[in-house]
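These exercises ask you to read features from a structure and check each step against a worked solution. Look at the sequence and the model, then try each task before reading on.

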Amino acid sequence: MGAGPAGLMLSHLLHLEGIESVVLESRSRAHVRERVRAGVLEQSVVELMQQTGVGERVSRQGIRMRGIDFRFDGEPHLVEFSAAGRYAMVWPQHELVEDLASARVAAGGEILYESAVTALESLDARPVIHYGGKKLGCDFVAGCDGFHGISRGAIPPSVLKEHDHVFPFGWLGVLAEAPPAWPDITWGCHPREFAMMSMRTPAMTRLYLQCAPDDDAANWSDERIWSELHARLDLPGGTKLNEGRIVQKGVAAMRSYVAEPMRHGRLFLAGDAAHIVPPTGAKGLNAAMADVRVLARALAAHYKRGDDGLIERYSETCLRRMWLVERFSTWLCTTVHRFPDTDAFTRRLQLAELQYMALTETGRRSFAENFTGLPVEA
Ligand code: FAD
Ligand code: DHB
């Protein structure tokens with residue numbers, strides 16, 4: 001269920017294992033193709049794409065990241081990923097989705113767009129999926145239908161445990177036709193509130209501004225956007241952020257959420273359907289990729305060796321890693337934003353957290369290790 005990054009990558013990995021799948025997606029291919037979302041891939045996701053024949057474009061056109069430039073206390077602090085001997089890559093989510101969708105189509109895979117799943121039944125025995133007035137019988141169901149999908153709701157409330165934390169702010173995300181002014185993704189940890197300059201291509205910047213959680217993008221004129229970005233990101237006497245035509249803007253709320261368990265009978269949850277993180281750590285898409293790697297291995301062991309051990313442990317394996325990802329994303333989110341009602345002591349501690357991360361060897365290594373991606377277990 002779902003032709004986002006999780007559903008498509010799972011279908012691709014299963015195909016390479018000789019396992020047949022059908023992807024059911026509620027929206028059109030054009031809609032999925034054009035959605036502007038995440039932009040950063042962990043090293044192991046890039047390697048997975050390269051090893052499974054969908055990495056040609058990311059290798060050629062992706063932007064290899066050297067680190068993150070944290071700006072606080074009026075100074076730049078570049079934390080390099082070489083501190084952990086690793087790298088990350090800028091490759092927009094919609095391009096990854098296109099890489100995977102084209103590979104599935106070229107291999108004769110079935111992706112049924114505009115086919116919303118409406119109900120699931122017999123998840124303990126032989127599952128049946130209801131979509132668009134039709135039924136599909138299958139061995140297993142992968143709920144890769146995102147945070148607002150229906151698969152999570154198929155786990156009985158007596159079994160499902162939900163862990164939820166909502167932050168008192170959101171991000172206004174902006175896509176602009178302007179070349180990145182600086183070579184590295186730049187975080188303005190500014191007393192006015194947080195801002196970020198990221199990139200999508202050498203000609204397009206992706207920008208974020210901390211805003212109210214229920215803010216409306218219509219409240220943000222182009223003039224206000226640029227003036228706040230300059231105030232939070234530019235350094236006195238330094239190169240100024242490049243301005244350009246704004247082609248897209250939208251507000252995303254900020255939340256940490258984990259559903260446990262991630263398996264119920266023959267239903268597996270993967271990606272945003274099971275967990276979300278605040279976007280600070282650039283982890284949502286990468287976490288979805290980690291889940292489906294574990295799931296593809298578990299299903300391959302089932303079909304090839306009749307071994308269901310990995311299926312039994314699917315939820316535990318994914319959640320062990322996911323809670324570390326939640327820890328990192330939540331910690332970063334708490335450290336870089338201005339909270340509406342914190343006292344001066346707490347704000348001073350936030351600065352100390354940033355200083356420890358950027359100015360000590362242990363801090364830099366820890367940040368680099370987490371940002372470029374923790375290991376994915378079998
Ligand atoms: P999704 O990409 O959500 O895919 C789920 C798919 O299932 C969708 O195509 C949906 O249409 C489909 N679907 C839903 N219900 C049904 C149904 N009933 N039947 C069939 N199909 C269904 N992460 C970052 O790391 N950095 C970012 O900057 C960032 N920005 C984001 C901005 C926004 C507005 C959003 C919503 C998310 C953002 N994320 C970001 C998170 C990241 O994009 C997600 O973690 C990632 O998309 C997860 O992939 P997924 O495949 O699990 O889910
Ligand atoms: C993006 C980049 C980041 O470094 C991050 O932490 C979150 C999002 C982005 O390019 O969208």
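**Exercise 1.** At roughly what angle do the axes of helix 9 and helix 11 cross?

*Conventions.* The model is predicted, with local features needing pLDDT of at least 70 and side-chain atom pairs counting only at pLDDT 80 or more, while totals for chains, interfaces and linings use all residues. Residues are numbered from 1 along each chain as its sequence is written, chains are lettered from A and ligands numbered from 1 in the order in which they are written, and side-chain values use heavy atoms, without hydrogens and water.

*Solution.* Step 1: helices (H or I, at least four residues) and strands (E, at least two) are DSSP runs, numbered from the N terminus. Helix 11 covers residues 361–372, and helix 9 covers residues 314–336.
Step 2: the axes come within 10 Å and cross at roughly 120°. Axes are lines fitted to C-alpha atoms, for helices over the stretch in contact, and angles run from 0 to 180 degrees between N-to-C directions.
Step 3: angles under 35 degrees count as roughly parallel, over 145 as roughly antiparallel, 65 to 115 as roughly perpendicular and the rest as oblique. Helix 9 and helix 11 are therefore oblique to each other.
Step 4: their crossing is left-handed, meaning that the near helix is turned anticlockwise from the far one by less than a right angle; clockwise would be right-handed.
Step 5: Arg327, Phe328 and Leu332 of helix 9 touch Phe367, Asn370 and Phe371 of helix 11, where contact means heavy atoms within 4.5 Å.
Step 6: this contact has 4 nonpolar, 1 polar and 1 charged residues. Ala, Val, Leu, Ile, Met, Phe, Trp, Tyr, Cys and Pro count as nonpolar, Asp, Glu, Lys and Arg as charged, and the others, Gly among them, as polar.

**Exercise 2.** Describe how helix 7 packs against helix 9.

*Solution.* Step 1: the axis of helix 7 (residues 284–305) is 10 Å from that of helix 9, at an angle of about 155°.
Step 2: the two helices are therefore roughly antiparallel, and their crossing is right-handed.
Step 3: helix 7 contributes Ala287, Ala290, Asp291, Val294 and Leu295, and helix 9 contributes Tyr314, Thr317, Cys318, Arg321 and Met322.
Step 4: sorted by class, the contact has 7 nonpolar, 1 polar and 2 charged residues.

**Exercise 3.** Which residues come nearest to ligand 1, and which are closest to ligand 2?

*Solution.* Step 1: a residue is near a molecule or strand if one of its heavy atoms lies within 4 Å of it. There are 27 residues around ligand 1, and Glu25, Arg35, Gln93, Tyr208 and Asp272 come nearest.
Step 2: look for polar contacts (pairs of N or O atoms within 3.5 Å; within protein, one must be able to donate a hydrogen and the other to accept it, and residues adjacent in sequence count only if both atoms are side-chain atoms). An N or O atom in the Glu25 side chain is 2.6 Å from an oxygen atom of ligand 1. For a polar side-chain atom of Gln93 the distance to a ligand 1 oxygen is 2.7 Å.
Step 3: ligand 2 is surrounded by 13 residues, the closest being Ser198, Arg200, Tyr208, Pro279 and Thr280. The Ser198 side chain has an N or O atom 2.5 Å from an oxygen atom of ligand 2, while Thr280 uses a polar backbone atom, 2.5 Å from a ligand 2 oxygen.

**Exercise 4.** Where is Pro261 found?

*Solution.* Step 1: Pro261 is in the loop between strand 16 (245–260) and strand 17 (263–264).
Step 2: the peptide bond from Glu260 to Pro261 is cis, with omega near -5°.
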